[in-house]
Amino acid sequence: QVQLVESGGGLVQAGGSLRLSCTGSGRPFSTYTMGWCRQAPGKEREFVGAISWIGGNTYFADSVKGRFTISRDNAKNTLYLQMNSLKPEDTAVYYCAASYRPLAAMTSGDFAYWGQGTQVTVSS
């Protein structure tokens, strides 16, 4: 299995940007489709986006499509989420996650391993 640790969260004004990072240990990142999910207070955890085993192919939720990008560096066991044009509704705890299945339309339930999360707060 893999252990995941997120970093890069914080407070940002609406319209601003943040880059989240996720570093893994244990099983190599190349084994997994990697992704990000988020959970706001009082809401269910929702899928944000994912990237294929090698990288280059990505899939995003409609709510973030065109604003967020995902990249990965398997040699460094690191995953990134670049968040641009942030909105107050993006405020949530963001979780790095790993999945055994190939990249496809998916939900948070498709991921087997999770980090502890990092808080992203977007002020208006």
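View 1. C96 is buried, its relative accessible area being 0% (buried denotes under 20% relative accessible area, exposed over 50%, and partly exposed in between, for a 1.4 Å probe and protein chains only). This is a predicted model, in which local features need pLDDT of at least 70 and side-chain atom pairs count only at pLDDT 80 or more, while totals for chains, interfaces and linings use all residues. Residues are numbered from 1 along each chain as its sequence is written, and side-chain values use heavy atoms, with hydrogens and water left out. C96 is joined to C22 by a disulfide with an S to S distance of 2.0 Å (a disulfide is a pair of cysteine sulfur atoms within 2.5 Å). Because C22 belongs to strand 3 (residues 18-26) and C96 to strand 9 (residues 92-99), the pair ties together parts that are 74 residues apart in sequence (strands are DSSP runs of E with at least two residues, numbered from the N terminus). The torsion about the S-S bond of C22 and C96 is about -70°, so this disulfide is left-handed. C22 is likewise buried, at 0% relative accessibility.

**View 2. The cysteine C37.** C37 takes part in no disulfide, and the nearest cysteine sulfur, that of C96, is 9.6 Å away. C37 is buried, with a relative accessible area of 0%.

**View 3. The largest nonpolar core.** This core contains 28 residues, and those with the most contacts inside it are L4, M34, W36, F68, L79, M83 and Y94 (a nonpolar core is a set of buried Ala, Val, Leu, Ile, Met, Phe, Trp, Tyr and Cys residues joined through side-chain atoms within 4.5 Å). Elements that give two or more residues to the core include strand 1 (2-7), strand 4 (33-39), strand 7 (68-73) and strand 11 (118-123). Strand 9 provides the largest share, 4 residues. Leaving aside neighbours within four places in sequence, M83 is in contact with G16, S17, L18, L20, R67, F68, Y94 and V120 (contact means heavy atoms within 4.5 Å). Another core, of 7 residues, lies apart from the largest one and has C37, F47, A97 and M106 among its members.

View 4. D90 forms a salt bridge with R67, the closest N and O atoms being 2.7 Å apart (a salt bridge is a side-chain nitrogen of Lys or Arg within 4 Å of a carboxyl oxygen of Asp or Glu). D90 lies in the loop between strand 8 and strand 9, and R67 in the loop between strand 6 and strand 7, so that the pair links distant parts of the chain, 23 residues apart. D90 is buried at 1% relative accessibility, and R67 is buried at 12%. E46 and R38 form a salt bridge with closest N and O atoms 2.7 Å apart; E46 is partly exposed at 29%, whereas R38 is buried at 5%. R38, E46, R67 and D90 are linked in a network of salt bridges.

View 5. T78 is located in strand 8 (residues 78-83) and is buried, at 8% relative accessibility.
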